[in-house]
Every structure is written in structure tokens, then in C-alpha cells.
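Trainee: I would like to go through this model contact by contact. Please take my questions in turn.

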Amino acid sequence: MAILVTGGAGYIGSHTSVQLLNAGYDIVVIDNLSNSKFSTLQRVREITDRDFTFYQADLLDRETLRNIFSSHRIEAVIHFAGLKSVGESARIPLHYYHNNITGTLNLCEVMQKHGVKKLVFSSSATVYGVPEQVPITEEAALGATNPYGRTKLMLEQILYDLWLSDTEWSIALLRYFNPIGAHPSGKIGEDPRGIPNNLVPYVSQVAAGKLKELSIFGGDYCTPDGTGIRDYIHVMDLADGHLKALDKVLTEAGIEAFNLGTGKGYSVLEVVDAFRKATGKTIPVTYTTRRPGDVDVSIAAPDKAREKLGWVAKRDIGVMCEDAWRWQANNLTD
Ligand code: UD1
């Protein structure tokens, strides 16, 4: 029996694949490589000294999906594949809805046809929109503020309806806060195309001398130092959270949402400071206007994941920055 990992060449997918292989699972990876590289999969093999089957294919291609399910005994699916840029989703919403929603519908239809009803779904804290209060619990009001976020929210609702129609399904909806960092080997990490949108990849490229300075998007937020506060979580902790969620879907039916965060918040300035300390690099900063859609504070209440999955994030902000930098420094020529 194998675990199918969709989007397994991507940032979170590749780290979770490493942890699955290390834990002894057999995996089958499907990825269209639209925002990831084939070489990442080779590095997953190097890190784990294990092999797996890879299909370069798209979830929009149902025929290939059917063939994959016919060729392997799939026990459960961890579904990462999807487009994830907030800004891009506002420019090409139809493409986002088509890709993320139709891709997931195809996946679930083929799963259902093959009697595979165990799913760990990659959701996001973005489903909380502008939070009414922090820390954010899973019971908080939902309401995404951009097309990308709405694809995640709609998919959560679709999966809930699927479970209502057939309670044999077992589904974990994992709402990630802000994943950063990289595998400690420095062989895999976040590899954004072009200029990074997210804070830590941007800071890493400033430290590497690829970008001149960090633009801080607003110094007038309702926070102690005026910059936005987020709950940054090490991608390896996030990967471990998927293994715990997998244990749960393998053993009991139902559908539940879980926050995956640390419960601690850091401002942009605190992240820059932690990065400087971890790497000894200078990070010049400048202030600019707020980025539309950004909230003051986003921090998880991670209690449900602790109580029901037996999972807690272990790596601190210093380790997150060290690992992010090791990956960046190793991949300067990429
Ligand atoms: C963003 C996405 C979110 C997605 C998440 C994935 C937006 C509005 N939200 O979250 O939907 O799930 O990434 O990790 O894009 N910042 C700067 N300068 C920069 C980059 C960021 O000051 O060059 C600040 C932001 O204003 C924010 C913090 O750093 O306060 C974190 O930003 P980022 O890493 O982009 O994450 P989010 O916006 O929280």
C-alpha cells in the first residue's frame, strides 16, 4: 500500500515526502512541475536513501489519474497540488478556480471510484480572512479575502459535503500558518520563481546579495513595533503535522480542520532580527506602503492539533532562519 502525494515536488510536499519515506511509508508522487523542479525529487531520494514512483502529470488529466490509481494500491492521499500566489490569483482568478477546484474534484472522483476515502488536504490560515480575534481557533469565522484563499475555503466546503454524502470518508483539513525554513541538509527548501512574494524567501535573497533591501509593507499596523505579526512555522514541523494527520485519517472516519502553527507571533522586524542573529548577515530595510489584504496579526491557537493529533511544533524561529539560510546559501547558482 502507498500514500499518493500530489504536489510532492513543491515546497511543503517535498518536505512531507521526506518525512513519509523516513517513517517507512511507500509513496507515489504526482506533480505537474509547474512551480517546482524535477531535481527536488532526486534530492528527496538522496536525503532519505529511498526510491519512489513519480508521475509528471496534472490533476486536470483524469485519464492519467485513473491509470495511477489502477497501477498502485493507494491507501490514502495527501493533496498539496495547487496554485498558491495571492497576487496572481487576483489577476487570473478563472485559472485559479479551474486549476485548484477542478483538479481536486477530479482527484476526489477518482479516489471515490477506487474506494480510497482517506485524504489529508492542504488548506491555509488564509481561510480565516481578517481574524476577529487572535489566537485563531478552528471555530473562528471563515471568509477569505482573495481568489486563492477562496479556492481553499470552497474546497474545504466541498470536502465537507463529500463527507456528508458518505461518512466513510476520512478527511483532515490542515490550515497552515506561515511555513518557512528548509530541510536541515540544505538540499531542499522553498524555491520561488522570480522575485519572492513572501517575507523569509525575500530576506534570504537580500542576505545572499541578490536583492538590495527588504521593503517592509507598512510600519503603522496595530502591533507593538508597527509591523505585521505572523505565526511562522518550520516546514519540517509542518511535515510532521501531516504524518500525524495521516495517522488519524488512516484510523478513523470523519472530517476535521486543524490549525498548524506554533501559537507564537513574530513581527517583520523580529523576523529580520532573528535572521540577522542566525546568519550574521546584514539585512537593509526600508518602509513602504501596506500590501493590500495584509492583516495586523495572525497567530494560531494550535491546541486542537496538540490534543487530537498529538502534534506540537518544536523548532524555534532561530532554527527556522538558520535552515532557510543554509538552503539559500547552498543554492545560490539556481
Ligand atoms: C502569504 C499569503 C497567504 C499565504 C501565505 C503562504 C498574502 C496577502 N498572503 O501570507 O495567503 O497562505 O503567504 O505562506 O500574500 N512582508 C514585508 N515585505 C515583504 C514580504 C512580506 O513586509 O517583502 C510582510 C507582510 O506584510 C506580512 C509578513 O511580512 O506582515 C509576512 O508576509 P508573507 O510572508 O507574504 O506571508 P503572509 O502575507 O502572512
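Trainee: Is Glu 46 buried, partly exposed or exposed?

Mentor: The classes rest on relative accessible area: buried is under 20%, exposed is over 50%, and partly exposed lies in between (1.4 Å probe, protein chains only). Glu 46 has a relative accessibility of 47%, so the class is partly exposed.

Trainee: What should I know about the model and the numbering before going on?

Mentor: This is a predicted model, in which local features need pLDDT of at least 70 and side-chain atom pairs count only at pLDDT 80 or more, while totals for chains, interfaces and linings use all residues. Residues are numbered from 1 along each chain as its sequence is written, and side-chain values use heavy atoms, with hydrogens and water left out.

Trainee: Which residue forms a salt bridge with Glu 46?

Mentor: A salt bridge here is a side-chain nitrogen of Lys or Arg within 4 Å of a carboxyl oxygen of Asp or Glu. In this pair the closest N and O atoms are 3.0 Å apart, and the partner is Lys 187.

Trainee: How many residues apart in sequence are the parts that Lys 187 and Glu 46 tie together?

Mentor: Helices (H or I, at least four residues) and strands (E, at least two) are DSSP runs, numbered from the N terminus. Glu 46 lies in helix 2 (residues 38–48), whereas Lys 187 lies in the loop between strand 7 and helix 7 (199–207). Lys 187 is partly exposed, with a relative accessible area of 32%. The parts that the pair ties together are separated in sequence by 141 residues.

Trainee: In the salt bridge between Asp 51 and Arg 45, what is the distance between the closest N and O atoms?

Mentor: Asp 51 is exposed, at 57% relative accessible area, whereas Arg 45 is buried, at 15%. Their closest N and O atoms are separated by 2.6 Å.

Trainee: Which residue pairs with Glu 213 in a salt bridge?

Mentor: Glu 213 is partly exposed, with a relative accessible area of 25%. The closest N and O atoms are 3.5 Å apart, and the partner is Lys 212.

Trainee: How many salt bridges does the count come to?

Mentor: Some of them share partners: Lys 248, Glu 252, Glu 256, Lys 304 and Lys 308 are joined into one network. By the rule given above, the count is 22.

Trainee: Which backbone oxygen does the side chain of Asn 259 reach?

Mentor: Asn 259 sits in strand 11 (residues 254–260) and is buried, at 0% relative accessibility. A polar contact is a pair of N or O atoms within 3.5 Å; within protein, one must be able to donate a hydrogen and the other to accept it, and residues adjacent in sequence count only if both atoms are side-chain atoms. The distance is 3.2 Å, and the backbone oxygen belongs to Ala 301.

Trainee: Which strand supplies the largest share of the shell around the ligand?

Mentor: Strand 7 (178–180) and strand 8 (214–217) each supply at least two residues of the shell. The largest share is four residues, and these come from strand 8.
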